[in-house]
Amino acid sequence: MYVIVVGAGEVGRYVATILVDEGHDVAVIEEKEGVARDLESSLDCLVVHGSGVNPDTLHQAGIGKADLFIAVTQVDEVNLVSAMIAGRIGQKPMTVARVRELEHYQSGNMQAEDMGLSLLVGPEYSVAKQVVGQLSFEGAGEIRSLAEGRLVLLELPLSVDSPLCHETLAELSSTFPDPSLVGGIIGKEGLRIPRGDDVLGADERAEIITSPENIDEFIILSGKPWHHVRHVLIIGGGSIGYRLARELESQRLYPTIIEHNRHRAEWLSRKLTKSIVLLGDGTEPQLLKEQLEERSDAVVVLIDDDEKAVLIGLMVKHLGAKKVVVRSDKLEYAPIAHKMGIDALISPRRALANHILAFVRRGRISTAHMLGDHEGEVLEFEVPAAPKNSKLLSTPLKDLDFPRDSLVGGVIRGERVFIPDGEALFNPGDTLLVVALPSAIVAVEKLLR
Amino acid sequence: MRIVDLIQREMVIPKLSATGKPEIIRELAGFLSNGNGAIDNERLVKVLTDREALASTAIGEGVAIPHGKLPDLERIQACIGRARDGVDFDSMDGKPTHIFIVMVAPENSTGAHLKALARISRVFKDKDFLRRLLEAPNADDMFEALRDEDSKY
């Protein structure tokens, strides 16, 4: 696929890197010369220095052969106009524009199609939703919904007591509730795809695919105490913080928000009638201490400074917070953050890339869930009625030559959800959940075509 | 692993009399340590209380699973107690707790007690089974209910 990315900021660079890694041809348009040069030397792609709203620049970047056009600069208007122009002068590329205030368009009933675009993406809303999901999860670690809620992906830290640290996965299969499977292990070396003789370490995290009814059992098996969140402290009342508070209010959880900007705090307290808004510096240890002593059991850190956010997360954990969720795009910090007790790092950048990648893989792969800092993905894939790969429907899974760094972690067939064994045969219309390291993704896509 | 392998017939308490959280822990611990000379009662109370301080072991549906580890214990010991009127055990749904399964494992236990707890959390979700346990007229019938439920899995 030929892809043009406009804007080499955090998001643009991240998406471009993933696409290049997966073997796509990528051109990046960047207005700032220094940033453009920098990217040119670090990523194997065409870099065009110029403006994304200038048709000449788009031509230079190869708009005539582009299959996909992604505008993710800092400025909503630039993204919209740029994607509109691309749609006009290109050969019908799919067009994606990032807009920060996604709800403004949606509440005005303005869909992407109305602007001649394929997709509008805005991470803020999905991040707020993700945080709510984490807060309602009672275990330590992270939860994500797969296949429209039919399955969940749990990323669980383990205590030394957990049977997962003492028995091989093969031995544990009779202990695990049905359907469930350890689809990945996150350790010091990053993500690995487990084998039957794997035993997990207490410093590792297990990626478990299971059905929602089994969540409690896995929380217990992890050996970490479970905890029901009753009161949430939000540090930072920006756009994610505001959306999160509104979402929590609708679930009758009334959060406390600490916001340092007076105008913003006043605005928040007018808008959020049931939350408590405090004017103050949420990075101030004394203030945090008072708040945590009073009643907060979960803390969500939503400050823009990626490093400071993690640090504040560690501090509130130290001060006794039971559950800590931190917004940070520096997913490289995840291993250390997890080790120190932060339950989840939520990355807007990753959320946005997830959304865009799902779109890139449009067709048979409906959704992609990124693991870690793009160390792997869980792909949701629908088995076609007439696959190009003629073996797909007639060959047992064990003979399908799935790449080493991948595994089929679940099959959804109508009402049934099951973990396939080596003898399993796929039917047209089955939804498959495939865990794959980046190196295996292209091969998996080919296999399942 | 069967529930009746964990909980013997004489470890069924059909009527708990305490009405508060600390008192009920004490009552349950007393019962378990009375039946087993290797268990130091005060120590058991402390272990269970410390665990509750971390976060309530109520798991919803009116069930709680207080648990902990003790040295000098040879194998997992467990009892089940019933409080028909319910006790406030800081459950997540705010509802009173009626059924308590207390489990204590040897200090060096690795995994087995968590497997047992996970199994208990599964079995004690079934509403019909819980109703039968609550309505059973005496300890014998409660034990019978446990045994029947075991045979289903």
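In helix α11 of chain A (residues 285-294), the residues A:Leu287, A:Leu288, A:Gln291 and A:Leu292 are buried, where buried means under 20% relative accessible area, exposed over 50% and partly exposed in between (1.4 Å probe, protein chains only). Viewed down the axis of α11(A), these buried residues fall within an arc of 125°, so they line one face of the helix; the arc is that of the directions from the helix axis to the C-beta atoms. An α-helix has 3.6 residues a turn, so residues three or four places apart point the same way. On the other side of α11(A), A:Glu293 and A:Glu294 are exposed.

This is a predicted model, in which local features need pLDDT of at least 70 and side-chain atom pairs count only at pLDDT 80 or more, while totals for chains, interfaces and linings use all residues. Residues are numbered from 1 along each chain as its sequence is written, chains are lettered from A and ligands numbered from 1 in the order in which they are written, and side-chain values use heavy atoms, with hydrogens and water left out.

The buried residues of α11(A) pack against several elements of chain A, including β12 (232-235), β15 (298-301) and α12 (306-318); contact means heavy atoms within 4.5 Å. Helices (H or I, at least four residues) and strands (E, at least two) are DSSP runs, numbered from the N terminus.

Elsewhere, an open sheet of five strands in chain A has the order β7-β8-β11-β9-β10, with antiparallel pairing; two strands pair if DSSP finds at least two bridges between them. Its edge strands, β7 (142-146) and β10 (190-192) of chain A, each pair on one side only.
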